[in-house]
Amino acid sequence: MFVDEVDIHVTAGRGGRGCLAFRREKYVPRGGPSGGDGGHGGSIYIVASPHINTLINFRFHPEFDAQKGGNGEGSNRTGRNGEDLTLEVPVGTLVYDRTGAPDVPQRLLADLAHAGDRVLVAKGGRGGLGNAHFATSTNRAPRKVQPGEVGEEKWLRLEMKLLADVGLVGFPNAGKSTLISRISAARPKIADYPFTTLTPNLGVVGMSDDRSFVVADVPGLIEGAHRGQGLGHQFLRHLERTKVLVHLVDVSSASGRDPVSDMDIIRRELELFAPELAAKPQIVAANKIDALDDEERAAAVDARAKALGLPFFRISGVTGAGVPELLEAAWRELAAAREAEAAKLDLEPPDSEFPE
Ligand SMILES: Nc1nc2c(ncn2[C@@H]2O[C@H](COP(=O)(O)OP(=O)(O)OP(=O)(O)O)[C@@H](O)[C@H]2O)c(=O)[nH]1
Ligand SMILES: [Mg+2]
């Protein structure tokens, strides 16, 4: 598991002071109290953003203060509210409250697993009431006002879990672990028997121009996986957060099965397990073309992919043939999915913390 973590300190804005004032108008001899309320202090939020990939910037800038509320003014004018501060973190960040550390155990405040997930980490102080609020039938000229409340203050630890962007799916022995070891630094066990991989492996794929994504190799799926057959079903969950699936189909004759039927079985298992999973962008990769003994087998998978409207590639995880093209296609699908997610988020403005 790859983890990145930083400690930050957040202080929400103090509320503004309430105002002490009386109405003074030419022809009104004894104007009543007219001190307005202080504005609320700004709050601090943390939000998971698809545009952010690491916590590195927080290392250089660990201190955050939200704006104070303005003081109330005469003529019943309320002070302006302090502006909220929103800190953007990568999707998959865990937020812990470690105020009081090292003796107090840290407490999980939020698991920002999805883009747009948001948590209030420090609430701004309420603005104080102005003297206009304190007039009663017996005290028509109150001199009482409230100071603003202080804003919340916390020490937080941010921890980023690496989530997979691209998931490799396919039958056992299809060559998923071989592929991840070719395209990343992950070195899972590879062997010529099914169910070699027992737990998911993650790897970071680095491409030209600073492009990178995280890929997950999960145990192979078999017919009935959605009902718990084999091992893969426990790990299908890991794929729920991925944005793109690469479906590996062994087209060599070594599997002893028909590759098109393999492909259909896996697609059906995904659908039965979770329709959202099956609806993710998918790329079909006919694998082991270095050992292809019957061209018909690859052509049949190609035709099936075309019929389904899915991008299709011929690759070999062993020789690397076709792999760069596959990665470029995965990147394109991923970039499109990230954009779509970001566009959807920009449409939803956050709610205010101070309902009237
Ligand atoms: N000829 C050839 N053999 C391959 C290729 N990719 C994988 N293999 C072989 O296929 C077998 C299974 O490979 P793995 O990478 O372990 O397959 P897997 O999909 O991870 O299998 P499970 O973990 O059991 O689900 C190994 O013997 C690999 O050497 C390929 O591109 N060409
Ligand atoms: Mg494997």
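Let's start inside this predicted model, at a cavity lined by Val166, Leu168, Leu179, Ile183, Phe213, Val246, Leu326, Leu327 and Ala330. That is the largest cavity, and it holds about 50 Å³ of space. How many cavities of 30 Å³ or more does the whole structure have? The search turns up two.

Domain 1 runs over 3-162, and domain 2 over 166-343. Where they touch, seven residues come from domain 1 and six residues from domain 2. Take the C-alpha atoms of each domain, and the two centres sit 47 Å apart.

So what does the contact between them amount to? The size of an interface is often given as the accessible area lost when the parts come together. Here, domain 1 and domain 2 bury about 580 Å² between them, with 65% of that on carbon and sulfur atoms. On the domain 1 side, Pro50, Ala113 and Leu162 are the trio to click on: they supply 61% of the area that domain 1 buries against domain 2, more than any other three residues.

Definitions and conventions. Residues numbered from 1 in each chain as written. Chains lettered and ligands numbered in written order. Predicted model: local features only at pLDDT ≥ 70, side-chain atom pairs only at ≥ 80, totals over all residues. Heavy atoms only, no water. Domains from an automatic or database assignment. Contact = heavy atoms within 4.5 Å. Buried area = accessible area lost by both parts, 1.4 Å probe. 1 Å grid on protein atoms, 1.4 Å probe; cavity = no way out; pocket = protein on both sides within 12 Å on 5 of 7 lines; lining within 4 Å. Points joined across faces, edges and corners; volume = space filled by probe spheres on them.
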